[in-house]
Amino acid sequence: FLMPMSLIELTVNSPFRFMLALAFLNLAVIYILKSKYILAILFCIVAANFHASIILLLPLLFFFNNDILVKTRNWILALIYMVIVLFTTMLESVNELHAIIGLVFSDFGLNPYKTYAAEESGNIFSFGSISQTILFLFVLFTKSIVVRVTPKGTLVANMAILYFFIQRLGSAIPTGHRFC
């Protein structure tokens, strides 16, 4: 029953390539956590060859094993989050900018990605946005407790903070929900 409905989409189109890329990205995360950065970079390069969108996640991987986000003041992280929220709610101007940047993508062989347009990711004052913001503030104010009490607390706190950034940015991209 799946073959005529959705299995063909999952096995032939981009989700399959994206899943393969994520497999190598997960291996890279394992090596980052073991502080074997050369192997991690090699797996990241392999992952990016399967799906170019992985390139957006690569810089975020190196926040896992250090305490930059944990030591950053809460008001700075909240400000960054609010800028991301404002950015993702004003996407009409982003679509115009994206059309210009799409010309640059064509020079690097990324033609399929220049056709993606950013989607309206909701209102700032919707129930979903307000609840996400409250949950993000809760994570910010409890990050020091998580670091102290939880084994690998720095990793847990970093990943929780990064989730909110990636989730909000991913909601603006048509296939960005795959990142979350």
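Which residues in α6 meet which residues in α9? On the α6 side they are L77, I80, Y81, I84, V85, F87, T88 and T89, and on the α9 side I161, F164, F165, R168 and L169. Sorted by class, that contact has ten nonpolar, two polar and one charged residues.

Before going further, keep in mind that this is a predicted model. The protein averages a pLDDT of 75, with 67% of the residues scoring at least 70. Confidence is highest in helix α8 (residues 127–149), at a mean of 89, and lowest in helix α1 (residues 2–12), at 52. Then there's the stretch over residues 111–121, where the pLDDT is below 50, although the model gives this stretch 35 contacts beyond near neighbours in sequence. Where pLDDT is low, the predicted coordinates should not be read in detail.

| Pair | Angle | Axes apart | Crossing |
|---|---|---|---|
| α6 and α9 | about 15° | 9 Å | left-handed |
| α6 and α8 | about 155° | 10 Å | right-handed |

With an angle of about 15°, α6 runs roughly parallel to α9. For α8 the angle is about 155°, so α6 and α8 are roughly antiparallel to each other. The contact with α8 uses N74, L77, A78, Y81 and M82 of α6, which meet Q132, T133, F136, L137, L140, F141 and K143 of α8. By class, eight residues of this contact are nonpolar, three polar and one charged.

**Two residues to look at**

Is F87 buried, partly exposed or exposed? F87 counts as partly exposed because its relative accessibility is 41%. Along the chain, F87 and R168 are 81 residues apart, yet their C-alpha atoms are separated by 9.6 Å.

N158 counts as buried because its relative accessibility is 0%. What is N158 in contact with, leaving aside its neighbours within four places in sequence? The answer is F63, F64, N66, L69 and V70.

Methods: Residues numbered from 1 in each chain as written. Predicted model: local features only at pLDDT ≥ 70, side-chain atom pairs only at ≥ 80, totals over all residues. Heavy atoms only, no water. Buried < 20%, exposed > 50% of the residue type's maximum accessible area, 1.4 Å probe, protein only. Axes fitted to C-alpha atoms, helices over the stretch in contact; angles between N-to-C directions. Helix = DSSP H or I, 4+ residues; strand = E, 2+ residues; numbered from the N terminus. Parallel < 35°, antiparallel > 145°, perpendicular 65-115°, else oblique. Left-handed = near helix turned anticlockwise from the far one by under 90°. Contact = heavy atoms within 4.5 Å. Nonpolar A, V, L, I, M, F, W, Y, C, P; charged D, E, K, R; others polar. pLDDT = per-residue confidence, 0-100.
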